[in-house]
Structures are given as structure tokens and as C-alpha cells.
Amino acid sequence: MAFLSDTLARVKPSPTIAVTTKAQQLKAEGKDVIGLGAGEPDFDTPQNIKDAAKRAIDAGKTKYTAVDGIPELKAAICRKFERENGLKYTPSQITVGTGGKQILYNALMATCNPGDEVIIPAPYWVSYPDMVLLAGGTPVTVECGIETDFKLTPEKLEAAITPKTKWFIFNSPSNPTGAGYTAAELKALTDVLMRHPHVWIMSDDMYEHLVFDDFKFATPAEVEPGLFDRTLTCNGVSKAYAMTGWRIGYAGGPVQLIKAMGTIQSQSTSNPCSVSQYAAVEALDGPQGFLTDNKALFQRRRDLVVSMLNQASGITCPRPEGAFYVYPDISGCIGKTSAGGTVINDDEAFAAALLEETGVAVVFGAAFGVSPNFRVSYATSDAALEEACRRIQSFCAGLT
Ligand SMILES: Cc1ncc(COP(=O)(O)O)c(C=O)c1O
């Protein structure tokens, strides 16, 4: 009898976490490494949020709470959805979990049966396909290349829908490409979904606040109210408020689904950290100036990275609308040999040689389902980014 489960055999560990761990390990060995793998802001949680957490601790808010969130937080989430997205949820339509990750996982665990298909546009966040597999469903990935700015077209969505489709996972701005859908682009997708009433929509809005220039964020249930009753609108405080370690994510959706997700959570982790929930109330209800400051900072870094990477030979780097990632295409580097003697057969070989020969850690594109590319997270200092891009430029110049 095998000790490990068959379910485990279907999934793999997160490649983005693997790159970050490898970069930290090389650093600990004294190597000069610049990590561009981590998906989190490089600055601290705002002071008002930390103070709210301290007050919660001092007030003894340190016990179990309601499994899917304290009433104060659910009320703050309802206000947020109405204020920022024009979506009217009641507290019974809200669930809170240990990070956005648990929210998505709960939803898939609560709904996927064997044979159920989940449409995932690629490039995708690494966890979507594996979560679907863990839940017993079948991921159906749809490749969206650089020619459409890594965005899904209505034609491709239509072609991917079958009678077995249960969910369509939508993520804008995207991890790993930073691509954001305008309301018009999104409406073209929701028009397709309106014609297929058996398909549910899981919108992962984690990077909502990280959008640049005059781009306006839009979410499916806002663009097409006709989809409200079969949309799970997922969000969290991790990326917007630099709160990745606090582990608070949330969603709004139909009561039956929200209840089912609560059942999964009640038999796995129970409530998210009580103190973090009080901190999240302050994040959502408190001053929002932090978001504007971050936007300006990330926009400057995006411009720096896009401009420097486009000067590297063999690399084409689109300029994304949001998040803190770029996803350059390296077609011009494939088949060449690095100065250190590695043949660059694919993007995994590119990333491995880049780390080995220059100390720059990036995540190879195959991990996100579209190649040959790599993902850069520019959530790091301007100085580190400039140096990393210089090293990438000289690595590419050395390819023969
Ligand atoms: C697209 C996307 N969704 C969800 C998450 C999960 O966020 P959290 O840290 O709140 O679990 C991430 C984190 O990297 C992400 O990039």
C-alpha cells in the first residue's frame, strides 16, 4: 500500500516558492544574488494597521472567532465592495479565509467533482491548475500569447467552454504578466459567459489596487450584473496593503456557495487569525493614501524594468497595466549558448543559467504555462532592479 496519496501525485510544489527559496539559500552561502522571484511588496505594513492589531491583542481578541470571519470585518468588506466596485453584498454573502489562496482553494474544494472542467487562461498564477487538481477537477488551460498582450479573447473563451465547464478563473491584473483587462475587454468576455448559464466565474482581484497610468480596474460582476448570482469575487489585503504575512483573503458570492466554503474551512483551518482580522478592518476602513503612494512607486519601477529589459538583446518586454510583474518574451535567446557554456534550449535553462552566471533569480515561463518567457517581480528596490537588469543585459549580450 502506498503511503502517499494519489492526489499528491497529481500536483507539484509551487515553482515560485522554489525559486525564492533557492535564491535565499545562495544568499546565505554568501553569493551575490538579486531575487526577482518573490510575489510580495518589499515594504512594511502601514503603521495604522499594525496599531489596530496591537489594540486587538491588548483587548484580548485572541480567541477563536466565527469560522468565516468576524462581523466587523464582513461589514468592512461589504463597504469596500460597494465603495470600490459598486457591488452590493450582505454579510451572509461574504467569507474570510487565511489568505486569498485559501479562499480560492475552498471554492474549488466545495464545488469540483471528477470530470468538472475549470478554464484557466495561460499565463496563469501557478497555483490555479494544481488547486483544481487537488479538488478533483480538470484544469483546461487556454494559451494567450504576447500577440494579444497575454489576454484571453472572447473567441478563445467560447471555444474552451464545454457542457462540463464548471468555473472560469479570471485574474486581472494578472500574475504573472501584469496584464489588466479594460471594462470593454472584460465585457466582451462576460457577453460570452452570459450565453453559458452553467459556467461560474471566479474573479481573482488580488491586484486591484496596483494599476498604472489611467487604467481603470473592472471586475466581472460589476461589468455584467447579470453574472452577479454566479460569480465569486475574490480579493484580499495581502498585496494592496503589504500584508502578505497576515494571511487575510475574502470573497463575496451567492449564499449557498459561501456557506459551502465555510464548511470546508470549518473542517480544515477554522477561523483566520483573529488579530489579523482586526488589522484587516483597519486596512479596509482606514486611510487609503498608502495605495496612491504605492502606485506611483510601482509605476516608476515598471517603467524602469520595461525600458531596461527591452534594451537586452533577444528580449521583448510588453508594458503591463498593473500588478508588480513583467513577463518578457525571450524567443530571441533560444538556441543560443551562454558565456558560461549552457545551451539555452528553453526558458528553464535560461533562468538556471542566469542565476548561475549572474546571480539574478527569476521564475521561468513554463511554470506559468506560456514559453519562452520569464517573470520578473519588480517589488524590490530601484537600485537592485537597475543592477539586475544590467546583469540580464550583459548575460544576453554574451549569448552566442
Ligand atoms: C493572482 C494571485 N491570487 C492569489 C494570491 C494569494 O494571495 P494570498 O497571499 O492572500 O494568499 C496571489 C499571491 O501571490 C496571487 O498572485
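These are my notebook entries on a predicted model, written for someone meeting the structure for the first time.

**Ground rules**

I count residues from 1 along each chain as its sequence is written. Since the model is predicted, I took local features only at pLDDT of at least 70 and side-chain atom pairs only at pLDDT 80 or more, while totals for chains, interfaces and linings use all residues.

**The annotated span**

I looked up the UniProt record, an unreviewed entry, and found "domain: Aminotransferase class I/classII large" set on residues 31-392. Such annotations may be inferred rather than shown by experiment; positions are in the numbering used here, and feature names are shortened. I found residues 31-392 to be 39% helix and 14% strand, with their end C-alpha atoms 17 Å apart. Helices (H or I, at least four residues) and strands (E, at least two) are DSSP runs numbered from the N terminus.

**The seven-stranded sheet**

I traced an open sheet of mixed pairing, ordered β2-β8-β7-β6-β5-β3-β4. Strands pair here if DSSP finds at least two bridges between them. At the edges I noted β2 (94-97) and β4 (138-143), each pairing on one side only. Neighbouring strands are turned by 20° against each other on average, direction ignored. For such angles, axes are lines fitted to C-alpha atoms (for helices over the stretch in contact), and values run from 0 to 180 degrees between N-to-C directions.

I then followed β3 (residues 117-122), which runs parallel to β5 (residues 165-171) and is joined to β5 by three bridges. Ile119 sits opposite Phe168 of β5. Helix α6 (residues 127-134) packs on this sheet and touches β3, β4 and β5, its direction making about 155° with that of β4. Contact means C-beta atoms, placed from the backbone, within 7 Å.

I found a cis peptide bond from Ala122 to Pro123, with omega near 5°; Pro123 is in the loop between β3 and α6. A cis bond also links Asn175 to Pro176, with omega near 25°, and Pro176 belongs to the loop between β5 and α8 (183-194).

**Around the ligand**

Asn175 turned up again here: with Gly99, Gly100, Lys101 and Ser238, it comes nearest of the 13 residues around the ligand. To be near, a residue needs its C-beta atom, placed from the backbone, within 6 Å. Sorted by class, I get two nonpolar, nine polar and two charged residues in this shell. Ala, Val, Leu, Ile, Met, Phe, Trp, Tyr, Cys and Pro count as nonpolar, Asp, Glu, Lys and Arg as charged, and the others, Gly among them, as polar. Helix α5 (residues 99-111) gives the most to the shell, with three residues.

The axes of α5 and α10 (residues 255-266) come within 8 Å and cross at roughly 100°. That makes the two helices roughly perpendicular (65 to 115 degrees; under 35 is roughly parallel, over 145 roughly antiparallel, the rest oblique). From α5 the contact uses Asn106, Ala107, Met109 and Ala110, and from α10 Leu257, Ala260, Met261, Ile264 and Gln265. I listed seven nonpolar, two polar and no charged residues there.

Helices α13 (residues 347-358) and α14 (residues 382-397) pack at about 110°, with axes 11 Å apart. They are therefore roughly perpendicular too. Leu354, Glu357 and Thr358 of α13 meet Arg391, Ile392 and Phe395 of α14. By class, that contact has three nonpolar, one polar and two charged residues.

Definitions and conventions:
Contact = placed C-beta atoms within 7 Å.
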